[in-house]
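Try each task before reading its solution.

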Amino acid sequence: MIKEGMLLTFILEVLMGIALLVLVSRARAGKKIPVIHEIAGLTALQEAVGRATEMGTPIMFVPGKGDLADAQTYAALPVLDYVAKSCAEYDTRIIVPTGVAVVHPVADAVTRQAFQAAGKGDSYRETDVRFINEQNWAWAAGITGIMEREKVAAQILFGAFWAESLFLAESGNRAGAMQIAGTASTSQIPFFVAACDYTLIGQEIFAASAYLNPEPSTTGGLVVQDWGKMLGLALVILGAILATFGNNTLAEFMLK
Amino acid sequence: MKREGPIALLMISGVLYIVSVMLASPVMEPVAATLDDWYKIVVGFINLVGIISLTQVNGRAVLRKSSGWFYNALLIVVLYGYIILGLVGGVGNVAFTRIYDNILTPILMTIFSTLTFWIGSAAYRAFRAKNLDAAILLVAGIVVMIGRVTLGSAISPAIPKAAEWILNFPTVAGMRAIEMGAAIGGIVLALRMITGLERSFMSND
Amino acid sequence: MSNDIWVWIGAILTLGTYSVLYKDNPVYRVLEALFVAILAGHSVVINWFNFQKPTIVNRLGEGKELIVVIPLLLAALMYFRYSRKFAWLARYPMAFLMGIGAAYVLTKNLKPMFLTQARATMLPLWVPGDFGATINNWVVVLGVASVLTYFFFTVKKTGPVHGFSRIGRIYLMIAFGALFADTVLGRVSVTLVRFQFLLNDWLGLGI
């Protein structure tokens, strides 16, 4: 028996899981992979690496302040992998300031692995993936210090952020860095939109891995994401129509 | 074992937790509590990884006499001095709390307050963009800003009402949809991890 | 002016920190180092007294809960990341945290972030006798639906889908402008507190 209040979560997640596995196996069998709309911020990642390479200064990749129980952290890692690979290929330095001790080894592993995959394992500088602080403002102050002193060419902010988001983005502007941000932390999106050159909004960060590394698992995941949103759309419209006629069955079912 | 072992552990621990949370079973219920506890213990005991990194980065800068190495040295001295002070004297000792309250807090509050200045420059840049998106952002922003201060109601009582309306209806709708989409995005990503489809977080070597 | 040495120190630290608004400088760099070091040290000490010590002494030490040896060993494996030969062992604690982390996402997010939000949007599109409420409900339902459409990644955005998703984009811009402005006032109040400290507590101007 499923626990009370968990039934709908269970059903929807099982359905999404099945859909995911079916789509992935179909894609692996060579079935068509859907076209993914371009996300400007992701296309700009190469521009950021190019800019840093041209200037001979580092790229800063900030993987947010979320921990390993925050989905946004996992959304940031494939982007880190992609940027680190590009940096390794062009012999450009990448600095990754972490603000959560448990995320630090993961960010380190992803960056190191990216350098190895690019055949540049020896160029990987361990002290460039550096822990700054668990406290948001000390973390942010440490990052802005690096930005100022290392003359960072581009800052890429991806993951969960809190009030320090604007502090980071504006410091990047002052340092003259190109800035690409992506977060699903709703209260911080406006600040990134205002201060950065490109901003990935909300769920766009979860589409990043499919866009940067299109393979069955990632694109299959993206299709399921779209189906989930379509379901949301259908539920909202149907629920509103039912509510108009005084029927709250669907609304009540949402609590199951 | 180097790659498959961890992936198996990821899948087993994840599935076990989900089952124990979702199933109404008195046998499984304590499992979730135990895993919660273990998660906290692992997190709580690997925090030194951060301090080691901080020491490595700053220590190397000092040893290499990199530009500004004095600041790196200061950081290390204060870090370890403060840790020793706290561990030996306890968290209640006067020096430990004095340093926190009278040195750290003013810096923290001041850094936080610099946001006001950043908001001004960010707003200037955002609103300078000459396109429809920026214009809409600007209008909504101005109405809310004026509507939330006394100036708004002095000009017209309609302005605070408009500000409230913008925040309570279109803003709520926009944020709600972002949250719904992000929830689905996160769930699909977590499903890919639990089913072993996402393996990129584990090194290949 | 204040006679309290701590007020003077607070004022010097405040002005020193504000100096970064002009540009990076040696005073700010000293303060930044102090700031990062004290907070990092503080977290180590607090974590030891509030969490690590009680776990070892009270739970493990008294032999009541020997089972906590398992997560402790798992945490210990993380420190093998500093060994070239055994670094792979550190993947086990990472994998455990990721497994539970993913499970947290799957068990805790859908209801508050999706189902409850969808439910809150199931509003009647006609409220008899209340035209204002009818309009407001339309605004919310249309907004949620159009923003969801805006974020479709694999659907061709042509014709009505394009138009609808364009409406979603407008909603987003309104929301961002409004939230930005709404936050400004909160931030200004923090700055005012700092200025009050400088002007009243330190300089004694009584403003």
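## Exercise 1: one helix, one side

In α3(B), the buried residues are V49(B), G50(B), S53(B), L54(B), V57(B), N58(B) and A61(B). Here, buried means that 20 or more other C-beta atoms, placed from the backbone, lie within 10 Å of the residue's own. Helices (H or I, at least four residues) and strands (E, at least two) are DSSP runs, numbered from the N terminus.

A word on the source: this is a predicted model, where local features need pLDDT of at least 70, side-chain atom pairs count only at pLDDT 80 or more, and totals for chains, interfaces and linings use all residues. Residues are numbered from 1 along each chain as its sequence is written, while chains are lettered from A and ligands numbered from 1 in the order in which they are written.

**Task.** Work out what span α3(B) should have, and what its end C-alpha atoms show.

**Solution.** 
1. Helix α3(B) covers residues 48-63, which is 16 residues.
2. The expected span is 1.5 Å times one less than the number of residues.
3. That gives 22 Å, and because the end C-alpha atoms are 22 Å apart, the two agree.

**Task.** Find what covers the buried residues of α3(B).

**Solution.** 
1. Count a contact when two C-beta atoms, placed from the backbone, lie within 7 Å.
2. From chain A, the cover includes α4 (103-117) and β3 (129-131).
3. It also includes α4 (69-89) of chain B and α2 (26-61) of chain C.

## Exercise 2: the sheet of chain A

**Task.** Give the strand order of the open sheet in chain A, and its edge strands.

**Solution.** 
1. Take two strands as paired if DSSP finds at least two bridges between them.
2. Six strands then line up as β3-β2-β1-β4-β5-β6, with parallel pairing.
3. β3 and β6 (198-201) of chain A are the edges, each pairing on one side only.
4. β5 (residues 178-183) of chain A and β6(A) share four bridges, and T183(A) has I201(A) as its bridge partner in β6(A).

**Solution.**

Notes: Buried ≥ 20, exposed ≤ 12 C-beta atoms within 10 Å, placed from the backbone.
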